[in-house]
There are 2 protein chains.
Amino acid sequence: VTASPSLHPSDGVRHSPISGVVVTNADVDHVVGLLSLRESQPLAVYATGRVHALLRQNSIFNVLNPDLVARREIRLDEPAALCGQDGSQSGLSVTAYAVPGKIALYAEDSGAGSNFGTRPGDTVGLEIASAREGRRFHYIPGCATAPPELAARLKGAELVFFDGTLWRDDEMIATGLGVKTGARMGHMSVSGEAGTIAAFAHLGIKRKVFVHINNSNPMILDDSPERAAAVAAGWAVAHDGMEIVL
Amino acid sequence: VTASPSLHPSDGVRHSPISGVVVTNADVDHVVGLLSLRESQPLAVYATGRVHALLRQNSIFNVLNPDLVARREIRLDEPAALCGQDGSQSGLSVTAYAVPGKIALYAEDSGAGSNFGTRPGDTVGLEIASAREGRRFHYIPGCATAPPELAARLKGAELVFFDGTLWRDDEMIATGLGVKTGARMGHMSVSGEAGTIAAFAHLGIKRKVFVHINNSNPMILDDSPERAAAVAAGWAVAHDGMEIVL
């Protein structure tokens, strides 16, 4: 979240335009970036109580100086106004909602059955809204299935960023990269009858963008048949430096 | 540590030539890289008991799959043969020795007095030796002072990599980057009467290389007077891709 778009790295010797971070999951790929932010940069970190609990259990996140970094809990299905650590308004609000997913890998409880101790709030989607312009979009980088309530929520949306981790559920195994299916990792696949392209085909979403794409997913290659299939189905594939104006 | 120099990234889809990592301190800049290594890459992590304890307290490091990543304790002043996770010999041994320093920032105990609860083993230097060729060098990326026993240990060494964090003790404050002195952060400075250049001037070390250089240290710039002064004093400044043959 860039709370003040007018800020620029040139505004200070170590200035960062990042005033806030909204974390959707406590997995390494979602939280380790926090440790690369400047230690003395004012920041607000928004997450569910479940995710904050894992951050608190890991003392390494105390490098985020408590005097400068506010940790704010967002409650499921309640819009929260995003503010900088100093209370400066961003003009954005965020509503987190539970999506099918998984507790962070490092917190899996192997004795807790097939869901490894996952609870609501471990993985969320976000609806981000601009108070001024009234525009809104969804950001869902990890999602295991698309149940009817999620489809209903996204129906007719102007813009949705969605989990593009895998093309096929057995991709990691087939390519020899791992032993886990997408389902085991908490990611639905892009292709197939139960895949994302099929699930989103009739939701009337104006712009659909895949994010969080694993390097095993052939869709990430510009010239692959899989990329062509995604584009033909109305999807874009996110890339570094991508800018979208709503 | 590259245990098998003949290995190459092309050896496998996600192969990494890194067979082992020796951690000299539990601070973020020394340990967060572990979280960027492939989750399913066999690896041996060597550290003192003090550093391993902090890694164990932070469950996020459990993304290093215990089936594939061996955590091995090295004892101060006892040479340890470096082996891959599968027991493959590297031909290298490492001896860790306590150097003046500080406990990791996120584990500081503000109630423990001026050293914040620092104990021997929180910061170490390493002597790395090749069993075959009998060559050896020292790697000391963080060091707060150079007491006589450290000088004696390094005297006449063929190669020493040493903490080049700061040029001046008050550099972070003077440049407006922070509020801490080098001494507070556990780093002796390069310049000055108690600085590294002075401390190493008469130790007869054949090659001296500064590493761990903060971006506030003007020595990092090729064309700075500080760089010229370091080079004139017989030091090299490490850079990405640097290779040294002993």
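**View 1. Where chain A meets chain B.** In this predicted model, 22 residues of chain A are in contact with 22 residues of chain B. The size of an interface is often given as the accessible area lost when the parts come together. Here the area buried between chain A and chain B is about 2000 Å², and carbon and sulfur atoms give 60% of that area. How many salt bridges are there between chain A and chain B? The count is 0. The model scores ipTM 0.90 and pTM 0.91.

View 2. Chain A has an average pLDDT of 92, and 93% of its residues score at least 70. Please look at residues 1-10 of chain A with care: the pLDDT there is below 50. Beyond near neighbours in sequence, this stretch has 18 contacts in the model.

**View 3. Aromatic rings side by side.** Over all chains, the structure holds 10 aromatic pairs. Meet B:F210 and B:W235: their ring centres are 3.8 Å apart and their planes lie at 10 degrees, so this pair is stacked. B:F210 belongs to strand 9 (residues 207-211) of chain B and B:W235 to strand 10 (residues 235-237), which puts the partners 25 residues apart. Are these two residues buried or exposed? B:F210 is buried, at a relative accessible area of 0%, and B:W235 is buried too, at 3%. Over in chain A, ring pairs link A:F162, A:F200, A:F210 and A:W235 into a cluster.

**View 4. An arginine over a tyrosine ring.** In chain A, A:R153 lies over the face of A:Y97, 3.9 Å from the ring centre. In chain B, the charged end of B:R153 sits over the ring of B:Y97, at 3.9 Å from its centre.

**View 5. Salt bridges within the chains.** Side chains of opposite charge can pair when their charged atoms come close. The whole structure has 18 salt bridges over all chains. One of them joins B:R50 and B:D122, with the closest N and O atoms 2.9 Å apart. B:R50 sits in helix 2 (residues 49-57) of chain B, while B:D122 is in the loop between strand 5 and strand 6, 72 residues apart. B:R50 is partly exposed at 31%, whereas B:D122 is buried at 4%.

**View 6. A helix tied to a loop.** B:R184 and B:E108 meet in a salt bridge of 2.7 Å, N to O. B:R184 lies in helix 5 (residues 182-185) and B:E108 in the loop between strand 5 and strand 6, so the pair ties together parts of chain B that are 76 residues apart in sequence. In chain A, salt bridges that share partners join A:K102, A:E108 and A:R184 into one network.

How values were computed
Residues are numbered from 1 along each chain as its sequence is written. Chains are lettered from A and ligands numbered from 1 in the order in which they are written. This is a predicted model: local features need pLDDT of at least 70, side-chain atom pairs count only at pLDDT 80 or more; totals for chains, interfaces and linings use all residues. Side-chain values use heavy atoms; hydrogens and water are left out. Rings of Phe, Tyr and Trp (its six-membered ring) pair if their centres lie within 6.5 Å; planes under 30 degrees apart count as stacked, over 60 as edge-to-face and the rest as tilted. Helices (H or I, at least four residues) and strands (E, at least two) are DSSP runs, numbered from the N terminus. Buried means under 20% relative accessible area, exposed over 50%, partly exposed in between (1.4 Å probe, protein chains only). A charge sits over a ring if NZ of Lys or CZ of Arg is within 6 Å of the ring centre and within 35 degrees of the ring normal. pLDDT is the predictor's confidence in each residue, from 0 to 100. Contact means heavy atoms within 4.5 Å. Buried area is the accessible area (1.4 Å probe) that two parts lose on being put together, summed over both. A salt bridge is a side-chain nitrogen of Lys or Arg within 4 Å of a carboxyl oxygen of Asp or Glu.
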